[in-house]
Every structure is written in C-alpha cells, then in structure tokens.
Amino acid sequence: MISFDLECAQGHRFEGSFCDFEAYAGQLERKLVRCPVCDSPDVKRLYTGCSIQARPSGNAETGAPTPNIFEAIRQFRRYVTMNFEHVGPAFAETARAIHYGQEPERAIYGESTPREIRELGEEGIGVLPVPDIDKLEN
Ligand SMILES: [Zn+2]
C-alpha cells in the first residue's frame with residue numbers, strides 16, 4: 001500500500017492510497033481518482049521542495065542577530081537557488097547517486113514526494129525541506 005499527496009485543479013489537497021504505483025497510474029489515467037471535495041477527476045500529484053547539502057557549512061553566522069523567520073526562509077531559498085544545482089523532479093535519484101558515489105558530490109535541490117523523502121531518510125540521506133520551492137520556478 002502506498003499513499004500520495006494529491007491536489008485537484010481547484011487546489012483541494014488530499015491523500016490517496018493505492019495498492020502500488022501501477023494501480024495509482026492506471027486509476028489516474030482512467031480518471032478514477034477524484035477529489036473528495038469537488039469530485040474533479042483533474043488530479044495531480046503534489047511534490048515537495050527539498051534539498052541536500054554536500055557538507056555542513058559550519059557556524060559562520062554565529063553572533064548575527066536572529067532574523068525574522070520569513071526573512072530567514074527567503075534568505076535560505078535565495079541561498080539554495082543561487083548555490084545549489086537544480087535537478088528538478090530527478091531530485092531523489094540524483095541525491096541517491098551522489099550518496100552512493102555514482103555522481104560527483106555537490107549540493108542540489110529539486111522536487112520530491114514525501115514518500116521519496118522518507119525513503120531517502122531511511123537510507124541515511126539527510127534531506128532539508130525547502131518551503132514553497134515551486135514558487136521559485138519561472
Ligand atoms: Zn477539489
């Protein structure tokens with residue numbers, strides 16, 4: 001049994017449970033997955049913004065005044081988008097390839113699903129959530 005975070009065209013968010021990925025894809029294709037609020041079959045899977053950093057960067061900011069949390073998040077997002085490589089929906093596989101040494105070590109960010117993030121965590125790959133990363137895409 002797997003579950004996905006889903007969103008309909010009206011922006012209603014809900015969780016759908018399926019036997020496996022093929023069952024999910026098949027039901028979605030045949031418009032059998034419907035929003036529980038408005039019954040829309042126009043449903044897509046929600047991805048969560050996330051990132052990993054190659055190495056801990058130390059405490060260079062020690063002593064700086066604590067910024068407003070929203071400003072801190074803005075700065076964090078700006079830092080990530082300017083310094084990390086954007087890998088898009090390939091985030092989970094790229095993070096895994098870096099972790100297992102199949103790709104050069106580097107900081108990346110992209111989109112993933114809550115399930116993929118949990119699986120990465122179980123493999124010992126620490127993932128840092130990036131709030132609203134999709135709003136940064138142009
Ligand atoms: Zn809806």
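Student: Which residues coordinate the zinc ion, and through which atoms?

Tutor: The zinc ion is coordinated by Cys8 (SG), His12 (ND1), Cys35 (SG) and Cys38 (SG), at 1.9 to 2.4 Å. Donors are N, O and S atoms within 2.8 Å of the metal (3.2 Å for Na, K and Ca), and because water is not among the atoms, sites may look incomplete. Along the sequence, the donor residues follow the spacing C-x3-H-x22-C-x2-C. This is a predicted model, in which local features need pLDDT of at least 70 and side-chain atom pairs count only at pLDDT 80 or more, while totals for chains, interfaces and linings use all residues. Residues are numbered from 1 along each chain as its sequence is written, and side-chain values use heavy atoms, with hydrogens and water left out.

Student: Why is the site of the zinc ion called tetrahedral?

Tutor: Four donors count as tetrahedral if all angles lie between 85 and 135 degrees; four count as square planar and six as octahedral if opposite donors are over 155 degrees apart and all others between 65 and 115, and anything else is irregular. The four donor atoms of the zinc ion make angles of 104 to 112 degrees, and the site is therefore tetrahedral.

Student: Why does Cys8 count as buried?

Tutor: Buried means under 20% relative accessible area, exposed over 50%, and partly exposed in between (1.4 Å probe, protein chains only). Cys8 has 3% relative accessibility, so it counts as buried. His12, with a relative accessible area of 26%, is partly exposed. In the chain, buried residues make up 32% of the 138 residues.

Student: What makes strand β6 largely enclosed by the rest of the structure?

Tutor: Strands (E, at least two residues) and helices (H or I, at least four) are DSSP runs, numbered from the N terminus. Strand β6 covers residues 108-112, and five of the five are buried, so the strand is largely enclosed by the rest of the structure. Ile108, Gly110 and Ser112 point one way from β6, whereas Tyr109 and Glu111 point the other way; all are buried.

Student: Why are strand β4 and β6 said to pair?

Tutor: Two strands pair if DSSP finds at least two bridges between them. Strand β4 (residues 48-52) and β6 have five bridges, so they pair, in the antiparallel sense. Ser51 stands opposite Tyr109 in β6. Three bridges join strand β5 (residues 85-88) to β6, and these two run parallel. Here Glu85 stands opposite Ile108 in β6. From β5 the chain crosses through helix α3 (residues 91-99) to β6, and this β-α-β crossover is right-handed. A crossover has that name if, with the strands pointing away from the viewer, the path from the first strand over the helix to the second runs clockwise.

Student: Which residues of α3 are buried?

Tutor: They are Phe91, Ala92, Thr94, Ala95, Ala97 and Ile98. Their cover includes β4, β5, β6 and α4 (114-122). After α3 comes Gly101, whose phi is positive, near 80 degrees.

Student: What is noted about the phi of Lys31?

Tutor: Most residues other than glycine have a negative phi. Lys31 is not a glycine, yet its phi is positive, about 60 degrees. Lys31 lies in the loop between α1 (21-29) and β3 (43-45). With 44% relative accessibility, Lys31 counts as partly exposed. Asp39 also has a positive phi, near 65 degrees, and is placed in the loop between α1 and β3. At 46% relative accessibility, Asp39 counts as partly exposed.

Conventions. Contact = heavy atoms within 4.5 Å.
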